[in-house]
Amino acid sequence: MSTRRGTGVANDAASSNPFGTAMTTRTHPEAATASALMAAPRIRKEAASLAVRPHWCADETAGGAFSWAAMRARLAGLPGGGLNIAFEALDRPVREGRGAHLALHWLGEDGDERRFTYDGLRRQANRFADAVTRLGLVRGERLFVLAPRLPELYVAILGALKAGVVVSPLFSAFGPEPIATRMSLGQARALVTTSGLFARKVAPVLAQIPTLAHVLLIDDGSGPLPAGTHDLGALLRDASDDFECAPTRPDEMALLHFTSGTTGRPKGAVHVHEAVVTHYATGLYALDLHAEDIFWCTADPGWVTGMSYGVIAPLLHGVTMIVDEAEFDPERWYRILAERNVSVWYTAPTAIRMLMKAGSELARRFPHPKLRFVASVGEPLNPEAVTWGVEALGLPIHDNWWQTETGGIMVANAPAFDIQPGSMGRPLPGIEAAVVERLAGGGIRLIDEPGEQGELALKRGWPSMFRGYLNEDERYRKCFAGDWYLTGDVVRRDAEGAFWFVGRADDVIKSAGHLIGPFEVESALMEHPAVVEAGVIGKPDPLLGEVVKAFVALRPGFEPGDALQRELMAHARKRLGAAVAPKEIAFVPALPHTRSGKIMRRLLKARELGLPEGDTSTIETGS
Ligand code: ATP
Ligand code: MG
């Protein structure tokens, strides 16, 4: 395994068992299965040789020095105890002397570039805030954004927040129905979109959104703007770049985020301005942002990752953020990393698997000496993918975990800590995480034994915790047991305190009395050179309850067939043991994904069983 100067990474061939001697075999009787996810060598970090001293070092912060109050005190706040996300993201850096620093470096699909300094972006956001205030939008009303990753999208988000208007982002590839459903659920008062998207996707469903009073269009040259709509460019030109930030309270609603819809109908998660404290803390401890960094978050602001880490957190830390308008393309992405001197990169497992598919040679054609930290979120990151990072990028990929409801990163692999590939890391400072079992009657039992699996729970009290599901109070209440928020994800904790993802509670397979996590089976299959991606489900079986079935997409150059199927079965049995290995393997050209890049196992299952597909509003076209 290669190491490289300045990355602080070394590989440990003699991997230790992170579950310690107390490793329980309750869930997997065969010894082979207990360690299936843990077979990859530990990646050791040598703090002294890291290019930049991390904000979170093993000897600091984790100890007790951390407090949310101290984090809050690093922010400016508003007079009278107010707090506003956009004020912290734009006005605070400007006041601290970073006004001339490059905030947003936009790369257009066709090669155009636009650059905004902190002060430039602040002035544009002020203009937007002034314009919508003049239109009559008031604090607490909802503005939806539906746009490609254009600079105007960022200006609109930040400007609306500054005006105290609630922002709800929609992914621009949504079709008319998902747009209408979310906008009517969220009682949209205003919409920012492009003229083309408006004509194609919003105009046909306008009648379903009776609350919508203002449509602000980014003119994309697709024709004259329809009557009754506003030209955003003209509004911005006519507005003032001086705007006094709305006196928003910390507990005031700021963002309405719809979940990815991986497990069912998307939920609207309510977030407040106080979330900015988590965005700040996680920008420090999980992403290790330093003021001179060039940071690229590949997620679209239509999803929570693209909002919390593609807009807010980087600006809070005064870094330069890269925004690429174009869709995924391996060569383009490598070029951006190399030519734009990206130093910190935050991306997703699906993208990494697609880069793996494109081959390490392509990665090595574009050296990127400035890149020092790579992180990933959204789905479990297979150990294969973590170590591929070392081989192809010269850096391991740091998995971290969170969800729309948590508003920010909760559990992470951070630069100063060793990585055990397959683990999602440890709780960040300020986050108390536990493994719990739900008891009949509503209570929970905390599971202390390392290695035993249960639901991941988080102790209430972190600032970016969601404050409700829109119009679903009962569902929200059911997410809590006393002081604990129950995440719906099944995990194990090892003897060192790191967490390992097993599966979503809905996806965990019960076969012959064993609980089987799809992630472990998928990761074992991915170790085989023929497999680029795998999705695993439980298929009802009269004898065993459920049997494991795997859907496998192959790398270019491999042909599906009986021989390969037998080979994969044998590989899985060897790695996982007979009770956990798939009983059936089907080859598919590609797996169904959500538009945010997650494997939709519920869809694999519905299709397998001939059941209704349920809500497919977030499915990637062609899946
Ligand atoms: P829905 O709640 O509508 O079904 P979703 O849960 O996919 O959709 P998000 O909030 O976007 O919506 O995703 C959060 C979920 O993604 C987590 O609960 C977890 O299941 C999964 N996830 C995120 N990061 C990781 C990770 N590092 N490892 C494993 N799973 C992850
Ligand atoms: Mg969810």
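**Close-up 1. Helix H12 and the glycine that follows it.** In this predicted model, helix H12 is followed by Gly 359, a residue whose phi is positive, near 95°. The helix itself spans residues 349-358, and because seven of its 10 residues are buried, H12 is largely enclosed by the rest of the structure. The buried positions in H12 are Pro 349, Thr 350, Ala 351, Ile 352, Arg 353, Leu 355 and Met 356.

Close-up 2. Asn 382 is found in the loop that runs between strand E15 (373-376) and helix H14 (383-393). Its relative accessibility is 3%, and since buried means under 20%, Asn 382 counts as buried. Once neighbours within four places in sequence are left aside, the residues in contact with Asn 382 are Arg 353, Phe 519, Glu 522, Ser 523 and Met 526; Arg 353 is also one of the buried residues of H12.

**Close-up 3. The aromatic pair of Phe 171 and Trp 303.** A search of the whole structure finds 23 aromatic pairs, and among them is the one formed by Phe 171 and Trp 303, which is tilted, with 5.6 Å from centre to centre and 45° between the planes. Phe 171 lies in the loop between strand E6 (166-170) and helix H6 (176-185), whereas Trp 303 lies in the loop between strand E12 (294-297) and helix H10 (304-316), so the pair ties together parts that are 132 residues apart in sequence. Both of these aromatic residues, Phe 171 and Trp 303, are buried.

Close-up 4. Tyr 469 and Tyr 476 form an edge-to-face pair, in which the ring centres are 6.5 Å apart and the planes make an angle of 85°. Tyr 469 and Tyr 476 are both buried, and they belong to a cluster in which ring pairs link Trp 462, Phe 466, Tyr 469, Tyr 476, Phe 480 and Tyr 485. One member of this cluster, Phe 480, also has the charged end of Arg 460 over its ring, 4.3 Å from the ring centre.

**Close-up 5. Arg 182 over the face of Phe 258.** In this view, Arg 182 lies over the face of Phe 258, at 5.7 Å from the centre of the ring.

Terms used. Residues are numbered from 1 along each chain as its sequence is written. Chains are lettered from A and ligands numbered from 1 in the order in which they are written. This is a predicted model: local features need pLDDT of at least 70, side-chain atom pairs count only at pLDDT 80 or more; totals for chains, interfaces and linings use all residues. Side-chain values use heavy atoms; hydrogens and water are left out. Rings of Phe, Tyr and Trp (its six-membered ring) pair if their centres lie within 6.5 Å; planes under 30 degrees apart count as stacked, over 60 as edge-to-face and the rest as tilted. Helices (H or I, at least four residues) and strands (E, at least two) are DSSP runs, numbered from the N terminus. Buried means under 20% relative accessible area, exposed over 50%, partly exposed in between (1.4 Å probe, protein chains only). A charge sits over a ring if NZ of Lys or CZ of Arg is within 6 Å of the ring centre and within 35 degrees of the ring normal. Contact means heavy atoms within 4.5 Å.
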